Structures are given as C-alpha cells and as structure tokens.
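Please consider the following model together with its sequence.

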Amino acid sequence: MNEILQIGANALPELASFLLRPAISQVFVLTDANTHRLCYPLLAPYLPEQHTVLELPAGEEAKTLASCETVWSALTEHRADRFAVLVNLGGGVITDLGGFCAALYKRGIRFVQVPTTLLAQVDASVGGKTGVDFLGFKNQLGVFQEPAGVFIEPRFLQTLDPRQLKSGYAEIVKHSLIADAAAFEEQRRTGMFVDDWTATIEASVALKQGIVAQDPLEAGPRKLLNFGHTVGHALESYLLTQPGREILHGEAVAAGIICEAWLSVQRGLLSAAELDQVETFLFSVFEKVHFVSLETDAIAEYALQDKKNSGATINCTLLEGIGRGVYDQPVTLHDVAESLRYYHRL
Ligand SMILES: NC(=O)c1ccc[n+]([C@@H]2O[C@H](COP(=O)([O-])OP(=O)(O)OC[C@H]3O[C@@H](n4cnc5c(N)ncnc54)[C@H](O)[C@@H]3O)[C@@H](O)[C@H]2O)c1
Ligand SMILES: O=C(O)C(=O)C[C@@H](O)[C@H](O)[C@H](O)COP(=O)(O)O
Ligand SMILES: [Zn+2]
C-alpha cells in the first residue's frame with residue numbers, strides 16, 4: 001500500500017509537506033498539455049520553488065514507450081538521481097505512464113499521484129498498476145509499483161469535460177457491481193447528479209484498496225477489479241486503431257460491463273432482471289458504442305491478449321448477482337463475440 005492517501009481539501013497541503021522532506025533531491029512534475037494549462041496553476045503554490053515541469057501530449061495515443069523515452073531523457077538531462085520525486089499530475093494516462101517511468105528510471109525513484117480526472121481519482125491513481133500500451137494492446141508493458149503517496153483534490157474536476165466525468169463514473173459503477181449492491185441501488189436512484197464528489201471518491205477508493213490489499217499482484221481476487229475489461233479493453237483497443245472513432249476508457253468499460261453481465265446470465269449466474277437493471281442504468285448515462293457486425297470478430301480477438309488469461313483460456317470476471325463479482329470464469333472467443341453481438345442488437 002502507498003504510504004499516504006489524502007482525499008479532499010487537505011490533499012495539496014499534505015503533498016506540500018511531503019515534498020519538503022529533506023531526503024528529496026529534485027521535484028519533477030509530469031503533466032499533459034491540458035493538465036499543464038488547467039491543473040498546474042492549482043498545484044503550483046504547493047510545490048517547492050525549485051521544480052521542473054515536463055509536458056506530454058494529452059490522450060491515450062500518448063501512452064507509449066516513446067513518451068516514456070521523452071520522460072527518461074528529461075530526467076537524465078536534468079541529472080535526476082535516486083532521490084528525485086516524480087509528481088504525476090493528470091488523468092489515468094499520466095498516472096499510469098508516470099508511475100511506469102519512475103519505477104524504471106535508475107531502477108526506481110519515488111513518485112506520487114495527483115489525479116485530476118474522476119477516473120484517475122477513483123481508480124487509476126490507486127493500487128499500483130502502472131504501464132503503457134504496446135503494439136495496440138492496452139497496458140501491455142507495465143509493472144506493479146505503489147506510489148509514495150496519492151493526493152486527491154476533487155476541485156481539479158471543475159475543469160473536466162462532462163464526457164470525461166462520465167468515463168470515470170463507469171469505474172465507480174464497476175466497483176459497486178462487483179462488491180456493493182447498496183451503492184449500485186443508490187447510483188440507480190441518484191444517477192450522476194452529484195454536487196460534491198468527495199464522498200463518492202472516498203467510497204470507491206476504499207472499496208478498491210480493500211481488494212488490492214488482499215491481492216496486490218492480481219493472482220486472485222484483484223481480478224474482480226477487471227470486471228468489464230475483457231470485452232471493454234478489446235473494444236477500446238480495436239477502436240484506437242480506427243481513425244476518428246475515439247472511445248474513452250470508461251465508455252469502453254461501460255459497454256464491456258453490459259457484455260460481461262450478459263455472459264453472466266448465459267452462465268446462469270445472474271438473472272435476466274438483474275441484467276436489465278444494469279443495462280437500463282448504463283444506457284441512461286452512456287451512449288451506445290457503435291460498431292458494425294462485421295467488426296465483431298476482429299474486436300473479440302483482442303481478448304486473446306487479456307492479462308487474466310492462462311494459455312488459450314480467456315478468464316473473465318463475471319457477476320453472480322449485483323454486488324457479487326466472481327473471477328476466473330473461462331469463456332471462449334466465440335462467447336466474447338456473441339456478447340458483442342448481443343450488445344450490438346440492443
Ligand atoms: N492503473 C489503473 O488501475 C487504471 C485504472 C483505470 C484506468 N486506467 C487507465 O487510465 C487511462 C484513462 O484515464 P483518464 O480517463 O483519466 O484519461 P486521460 O488521462 O487521457 O485524461 C482524459 C483527458 O482529460 C484531460 N484532463 C485531465 N484532467 C483534467 C482536468 N482536471 N480538467 C480538464 N481536463 C483534464 C486530459 O488532458 C485528457 O485529455 C487509460 O489509459 C486506462 O487504461 C488505469
Ligand atoms: O486496478 C486494477 O486491478 C484494475 O483492473 C483497474 C482497471 O480499471 C484498470 O483499467 C486497469 O488498468 C486494467 O488493468 P489491466 O491489467 O487489465 O491492463
Ligand atoms: Zn479500467
């Protein structure tokens with residue numbers, strides 16, 4: 001587990017105290033073009049006077065080894081030593097990529113996460129999964145490495161695009177579906193009409209941390225957190241290869257949740273009425289993801305690279321009830337394609 005977790009108005013003051021520790025030689029702040037412009041001004045008063053800002057292009061397309069080389073080159077040019085700290089200021093792309101860069105630079109320097117999207121605040125900044133996409137596969141290269149601290153300031157969300165806010169909401173719903181039926185009921189009741197996200201972020205982070213603590217390296221129960229991702233990552237990876245058909249991670253996960261809930265019904269684990277609740281709720285928040293039937297097999301093929309697989313077996317996380325995930329459920333490539341066909345017909 002990371003040393004420090006702060007959520008709310010104290011987060012940035014706590015980060016400031018952390019960065020004043022004498023054992024820190026240099027502070028680097030990793031941003032993307034948007035977080036540099038929109039989030040850095042809020043963070044800057046809490047940084048030591050001497051710090052270096054690095055900027056990458058925004059978006060999933062920048063989650064590459066080439067971007068890591070940019071970061072490693074800058075650290076090297078600035079003679080960063082092992083006592084340097086990398087502050088990752090951004091959404092899940094920056095927190096995943098920055099964590100990966102820090103874990104590998106000189107075999108590891110400390111990093112802290114300052115997540116600025118809802119998705120990164122409730123999910124990506126917590127739990128120590130870091131990495132980048134490779135050869136078109138999501139997070140194909142990465143390491144498990146916990147940050148020295150996670151500092152979550154919900155005020156960053158004030159500049160976030162509503163579509164990005166929804167994307168993060170998909171991971172919140174995922175958390176409820178795998179482990180908290182009452183929270184899902186509450187979400188069905190209130191929808192996304194939330195004024196202050198702090199309590200929702202606290203609950204989602206606590207739920208994720210509880211699962212990660214049992215299984216940090218994803219040998220077992222952590223696979224629950226991957227619900228919706230066998231199909232979701234396949235859709236996301238496929239659409240990333242299609243110019244002009246951008247999909248956000250959470251949008252792909254929302255579609256993946258419907259597909260995997262349908263697979264749960266086919267296995268006799270979930271009732272048709274429960275599937276209907278999940279579908280109706282998700283379609284009240286998310287647009288349907290468009291693809292044509294001819295693309296279904298090509299999308300499904302990406303599931304063959306899912307990290308939960310063993311050999312040729314695709315191991316999916318399914319639901320055995322609302323609020324009760326179940327992992328290591330073998331499904332075939334045909335099953336994955338059928339679930340996408342079901343989604344396509346909706
Ligand atoms: N490590 C994990 O456990 C984990 C969990 C979930 C998702 N992820 C990864 O996270 C990534 C998605 O993260 P994301 O949805 O945050 O995307 P992102 O990092 O691409 O951020 C989304 C967009 O919002 C902009 N942005 C960020 N903060 C902003 C703010 N406060 N105001 C205005 N604009 C802002 C960014 O510049 C970007 O354009 C995916 O690569 C996914 O694989 C990782
Ligand atoms: O923390 C986890 O474990 C998760 O699976 C959280 C997911 O929401 C996240 O998208 C994660 O990056 C997926 O990891 P991967 O191992 O499927 O690449
Ligand atoms: Zn995810």
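In this predicted model, the chain divides into domain 1, residues 4–159, and domain 2, residues 162–345. The centres of the two domains, taken over C-alpha atoms, are 26 Å apart. Contact between them involves 20 residues of domain 1 and 26 residues of domain 2. On the side of domain 1 that touches domain 2, the elements contributing two or more residues are helix 6 and strand 7. Helix 6 gives the most to this side, with five residues. By class, the residues on this side of domain 1 comprise ten nonpolar, seven polar and three charged.

Six strands form an open sheet in the order 1-8-5-4-2-3, and their pairing is parallel. Its edges are strand 1 (4–7) and strand 3 (52–56), each of which pairs on one side only. From one strand to the next, the twist averages 15°. Within this order, strand 5 (residues 110–115) and strand 8 (residues 149–152) pair in the parallel sense over two bridges. Glutamine 113 has valine 150, in strand 8, as its bridge partner. Helix 1, residues 11–19, lies across strand 1, strand 2 (27–32), strand 4, strand 5 and strand 8, and runs at about 145° to strand 8.

How enclosed is helix 10 by the rest of the structure? Ten of the twelve residues of this helix, which spans residues 229–240, are buried, so helix 10 is largely enclosed. The buried residues are His229, Thr230, Val231, Gly232, His233, Ala234, Leu235, Glu236, Ser237 and Tyr238. They pack against strand 7 (137–141), helix 11 (249–266), helix 13 (296–301), strand 9 (314–319) and helix 14 (333–345).

Two residues deserve attention for their backbone angles. Most residues other than glycine have a negative phi. Arginine 79, however, has a positive phi, near 55°. This arginine is placed in the loop between helix 4 (65–77) and strand 4 (85–90). Arginine 79 is exposed, because 9 other C-beta atoms lie within 10 Å and a residue counts as exposed at 12 or fewer.

Asparagine 139 likewise is not a glycine, and its phi is positive, at about 50°. Its place is in strand 7, one of the elements against which the buried residues of helix 10 pack. With 17 other C-beta atoms within 10 Å, asparagine 139 is partly exposed, because this count lies between the limit of 12 or fewer for exposed residues and that of 20 or more for buried ones.

Definitions and conventions: Residues numbered from 1 in each chain as written. Chains lettered and ligands numbered in written order. Predicted model: local features only at pLDDT ≥ 70, side-chain atom pairs only at ≥ 80, totals over all residues. Helix = DSSP H or I, 4+ residues; strand = E, 2+ residues; numbered from the N terminus. Contact = placed C-beta atoms within 7 Å. Pairing = 2+ DSSP bridges. Axes fitted to C-alpha atoms, helices over the stretch in contact; angles between N-to-C directions. Domains from an automatic or database assignment. Nonpolar A, V, L, I, M, F, W, Y, C, P; charged D, E, K, R; others polar.
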